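Take a walk through this structure, from the whole chain down to single residues.

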Amino acid sequence: MNNTVVTLDEIAGALHKGRDEVVSMMQALQALGFPKPVHGESFPLPQVLDWLVAQQEMNLALVTMLSQKLE
């Protein structure tokens with residue numbers, strides 16, 4: 001197993017989604033900066049992790065702001 005890439009099938013399995021659904025999701029996420037495949041249907045793992053961390057940080061900031069608005 002190559003630990004420098006993550007495949008479309010691995011992503012689909014982790015998300016418990018069908019392959020076609022994940023292909024559509026990846027296309028939409030690429031418009032938001034998700035890394036493009038490096039070869040075939042493999043995505044660069046370090047860049048995918050960096051993108052996911054950035055999304056988590058953005059989500060946390062939004063949740064914090066929205067929670068404060070409710071107080």
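In the protein chain, the mean positions of the 4 positive and 8 negative charges lie 7 Å apart. Lys and Arg count as positive here, Asp and Glu as negative, while His and the chain ends are not counted. Each charge is placed at NZ of Lys, CZ of Arg, CG of Asp or CD of Glu.

The model is predicted: local features need pLDDT of at least 70, side-chain atom pairs count only at pLDDT 80 or more, and totals for chains, interfaces and linings use all residues. Numbering starts from 1 along each chain as its sequence is written, and side-chain values use heavy atoms, with hydrogens and water left out.

Now the fold. The protein chain holds three helices and two strands. Read from the N terminus, their order is β-α-α-β-α. These elements are DSSP runs, numbered from the N terminus: helices are H or I with at least four residues, strands are E with at least two.

Next, the overall dimensions. The radius of gyration of the protein chain is 15 Å, whereas a compact globule of 71 residues would have a value near 11 Å. That radius is taken over C-alpha atoms, and the globule rule is 2.2 Å times the number of residues to the power 0.38. Along the principal axes, the C-alpha trace spans about 45 × 25 × 20 Å.

How much accessible surface does the protein chain have? The total is about 5300 Å², and carbon and sulfur atoms own 62% of it. The areas come from the Shrake-Rupley method with a 1.4 Å probe; for residues, only the protein chains shown count as cover. Of the 71 residues, 23% are buried. Buried means under 20% relative accessible area, exposed means over 50%, and partly exposed lies in between (1.4 Å probe, protein chains only).

Contacts (heavy atoms within 4.5 Å) come next. Among those in the protein chain with a separation of 6 or more, 39% join residues 24 or more positions apart.

Which residues form the largest nonpolar core? There are eleven: Val6, Leu8, Ile11, Ala12, Val22, Met26, Leu29, Phe34, Phe43, Val48 and Trp51. Helix 1 (8-15), helix 2 (19-30) and helix 3 (45-70) each supply at least two residues of this core. Such a core is a set of buried Ala, Val, Leu, Ile, Met, Phe, Trp, Tyr and Cys residues joined through side-chain atoms within 4.5 Å. Take methionine 26 as one member. Beyond its neighbours within four places in sequence, methionine 26 contacts Leu8, Ile11, Phe34 and Phe43.

Helix 2 also carries glutamine 30. Glutamine 30 counts as buried because its relative accessibility is 19%. Leaving out residues within four places in sequence, glutamine 30 is in contact with Pro35, Lys36, Pro37 and Phe43.

Serine 24 has 45% relative accessibility, so it is partly exposed. Alanine 28, at 47%, is partly exposed too. Alanine 28 and glutamate 57 are 29 residues apart in sequence and 20 Å apart in space, C-alpha to C-alpha.

Strand 2 (residues 42-44) includes serine 42. Is serine 42 buried or exposed? Its relative accessibility is 11%, so serine 42 counts as buried. Not counting residues up to four places away in sequence, serine 42 touches Val5, Val6, Thr7 and Pro37.

Finally, look at the loop between helix 1 and helix 2, where histidine 16 is found. Histidine 16 is exposed, because its relative accessible area is 72%. Its phi is near 55 degrees, a positive value in a residue other than glycine. Most residues other than glycine have a negative phi.
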